Amino acid sequence: MIVDGSSPLPLKRRRFTNIDSMESASAKAKLAAAKEKFGREIHVFETEGPSPIQNEVPSTEESDDFYEFTAEDYHQVMATKKEDNYLKTRKTREAEEAARRSRVTKAVIRVRFPDNHTLEVTFHSSETIQCLYDLIMKVISRPDLPFYLYTTPPKKQIKDMTQDIFSAGFIPGAIVYFSYDLPKGDDATAADSAAFLLDEVMSLKGLEVIANAEQAEAVQSAPEPGVGVSTVPFPIAQTSKPSEKKPGRPKWFKM
C-alpha cells in the first residue's frame with residue numbers, strides 16, 4: 001500500500017449533530033447524481049494544513065532532491081529482495097500473489113491536490129491506472145492543461161497507464177498526488193492558485209458525513225450496556241444465622 005511518508009493528516013469532517021432527515025436525503029441525492037454522471041461514487045474532503053501561498057511551490061510537493069534515493073536505501077532494498085528470493089521459491093510467490101488477488105478486490109484511492117482538497121474514489125483491483133486518469137480528466141477544472149500523478153516517498157511519477165491497480169501496489173488503498181505539468185512561470189502560478197476541481201465536484205465536500213448522519217446519530221443515541229437504572233432486581237444475599245443448640249445432658253448423667 002502506498003502511503004505518505006509522514007502520518008496521515010486528519011480530514012475535516014462536519015459534525016453530524018442537528019442534521020435533519022431532509023438535509024440527509026438531499027446529500028444522498030447529490031451523491032447519487034454525481035455517481036450517475038461520473039460513473040463512480042466519489043467523495044471530497046479537505047485536509048488539515050496551510051493553503052499554498054501564491055508564487056510559492058505548493059507544500060504538498062517537495063523538490064526532487066528531497067526524494068533522492070540514496071545508496072544506503074538501494075542496498076537496503078536489494079538486501080531485502082535477496083532474502084525474500086532465497087526464502088521463497090517462484091512458485092510459492094506466485095501462489096501467494098494469486099491468493100491475495102482473489103482476496104483483495106477493491107482499492108480506495110485518494111488523490112490529493114495542492115489546495116489541500118482530497119478526492120476519494122474506489123476502484124477494482126483489476127482496473128488500470130488509465131481509469132484513474134480518465135476520472136481525473138472529468139473532475140478537474142482545467143482538463144486542457146497537462147498534469148501528472150505521483151507517489152511519495154520517494155517521489156515517483158506514475159507513467160504506466162496499462163498497469164492494473166493491484167500490480168501498482170495500490171491495494172487496499174493508496175494516496176497519490178496531483179500536479180500540473182507546466183514550467184515554472186506565470187502560467188504555472190495562475191494554475192496553482194485557481195480551483196483544481198470543478199465547482200460541481202467541490203459541492204460534494206462533506207456530503208458523505210451528512211448522508212450518514214441519521215445512522216450515526218441513531219448509534220450514538222442508543223443506550224450503552226450498563227448505563228442507566230436497571231429494572232432487574234439484584235439478588236439479595238441472605239446471611240444464614242447459626243443454629244442454636246439446646247443444652248443437652250451427657251449420656252452418663254442419670255437422675
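1. Let's start in the middle. The largest nonpolar core has 46 residues, and those touching the most other members are Ile42, Ile109, Val111, Leu119, Val139, Phe170 and Phe178. Two or more residues come from each of H1, E2, E3, E4, helix H4 (129–139), strand E5 (147–151), strand E7 (173–180) and helix H7 (207–211). Keep in mind throughout that this is a predicted model. As background, nonpolar side chains in soluble globular proteins tend to be buried together.

2. Setting aside residues up to four places away in sequence, its contacts include Val111, Arg112, Phe113 and Pro114. Phe178 also touches Ile136, Ile140 and Phe196, along with the run Phe147, Tyr148, Leu149 and Tyr150.

3. How enclosed is strand E4 (residues 117–124)? Of its 8 residues, 6 are buried, so the rest of the structure largely encloses this strand. E4 has pairing partners in E2 and E3. With strand E2 (residues 42–47), the pairing is antiparallel and runs over 5 bridges; here Ile42 has Val121 as its bridge partner in E4. That is the Ile42 already met among the core residues with the most contacts to other members.

4. On to strand E3 (residues 106–112), which pairs with E4 over 7 bridges, also in the antiparallel sense. Within this pairing, Arg112 sits opposite Thr118 of E4. The two strands make a hairpin with 4 residues between them, and in the turn Asn116 has a positive phi of about 70°.

5. Glu120 belongs to strand E4 and Arg110 to strand E3, 10 residues apart. Buried or exposed, where does Glu120 fall? Glu120 counts as buried, at 12% relative accessibility, while Arg110 is partly exposed at 22%.

6. Now for helix H1 (residues 21–38). Just past the helix, Gly39 adopts a positive phi of about 80°.

7. Since Lys37 is in helix H1 and Glu200 in helix H6 (residues 199–202), the pair ties together parts 163 residues apart in sequence. Glu200 itself is partly exposed, with a relative accessible area of 38%.

8. One more pair to check: Lys205 forms a salt bridge with Glu46, where the closest N and O atoms are 3.4 Å apart. This pair links distant parts of the chain, with Lys205 in the loop between H6 and H7, Glu46 in strand E2, and 159 residues separating them. Both partners are partly exposed: Lys205 has a relative accessible area of 34% and Glu46 one of 24%. In total, the structure holds 5 salt bridges.

How values were computed. Residues numbered from 1 in each chain as written. Heavy atoms only, no water. Buried < 20%, exposed > 50% of the residue type's maximum accessible area, 1.4 Å probe, protein only. Pairing = 2+ DSSP bridges. Core = buried A, V, L, I, M, F, W, Y, C linked by side-chain atoms within 4.5 Å. Contact = heavy atoms within 4.5 Å. Salt bridge = Lys/Arg side-chain N within 4 Å of Asp/Glu carboxyl O.
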